[in-house]
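Hi,

Here is the structure I said I would pass on. Please have a look at it first, and then read my notes below.

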Amino acid sequence: MSEKEQDKDMILQCLKMVEERILTLDKFIMEIIDISRNKKSGIQIEPFNARECIQEILKEFQFMNQFEKINFELDIEDQLTLYSDQTRFNLIMKNLISNAIKYHNYSIEKPSIKVACETADNSVKVKVSDNGYGIPEEQHPKLFDMFFRGTQAG
């Protein structure tokens, strides 16, 4: 299309669309690679700071579309150390947070995402919540199915 087009602005628009599709496909391929690595590698339990880990993930997403519109709240103790497989923890948290960003309801007044860690009896419960569209309760059993999409919004 861009070969036949004479208008420079239209050519740039076409190239921008191609670039966006390439980035989307690249991200998809990287997710598949992560899933494959996850299945093949053994579990490695190691200590890591929960708050720093989540902050690093948020830094990775700072250039996502509409990121700047969301108020992020971290309810995580500064020195909370988790003992887990950090690679798998990161993969899960990246998926939850990126989905909360992608499928948020940006028409509401104050979009927000909260990540909280609750500790009790040598365990930690990690919660990611937002005030976005949500996923209907009848679809909750499918949440961890590969390629499941709870909503077409976003």
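F72 comes out as partly exposed, because its relative accessibility is 22%, in this predicted model. F67, by contrast, has a relative accessibility of 14% and so counts as buried.

On the aromatic side, searching the whole structure gives two aromatic pairs. One is formed by F48 and F89: the pair is tilted, with 5.3 Å centre to centre and 50 degrees between the planes. Since F48 sits in strand β1 (residues 45-49) and F89 in helix α3 (residues 86-102), this pair ties together parts that are 41 residues apart in sequence. F48 counts as buried because its relative accessibility is 7%, and F89 is buried too, at 12%. F67 and F72 make a stacked pair, because their ring centres are 4.8 Å apart and their planes meet at 25 degrees, where stacked requires under 30 degrees.

Now to the sheet. It is open and has three strands in the order β2-β4-β5, with mixed pairing. At the edges are β2 (71-75) and β5 (123-130), each of which pairs on one side only. From one strand to the next, the twist averages 10 degrees. β2 and strand β4 (residues 112-120) run parallel and are joined by five bridges; D75 stands opposite A116 in β4.

Two helices go with these strands. Helix α2 (residues 50-61) lies across β2 and β4, at about 165 degrees to β2. Helix α3 lies across β2, β4 and β5, and runs at about 20 degrees to β5.

Best wishes

Definitions and conventions. Residues are numbered from 1 along each chain as its sequence is written. This is a predicted model: local features need pLDDT of at least 70, side-chain atom pairs count only at pLDDT 80 or more; totals for chains, interfaces and linings use all residues. Side-chain values use heavy atoms; hydrogens and water are left out. Rings of Phe, Tyr and Trp (its six-membered ring) pair if their centres lie within 6.5 Å; planes under 30 degrees apart count as stacked, over 60 as edge-to-face and the rest as tilted. Helices (H or I, at least four residues) and strands (E, at least two) are DSSP runs, numbered from the N terminus. Buried means under 20% relative accessible area, exposed over 50%, partly exposed in between (1.4 Å probe, protein chains only). Two strands pair if DSSP finds at least two bridges between them. Axes are lines fitted to C-alpha atoms, for helices over the stretch in contact, and angles run from 0 to 180 degrees between N-to-C directions. Contact means heavy atoms within 4.5 Å.
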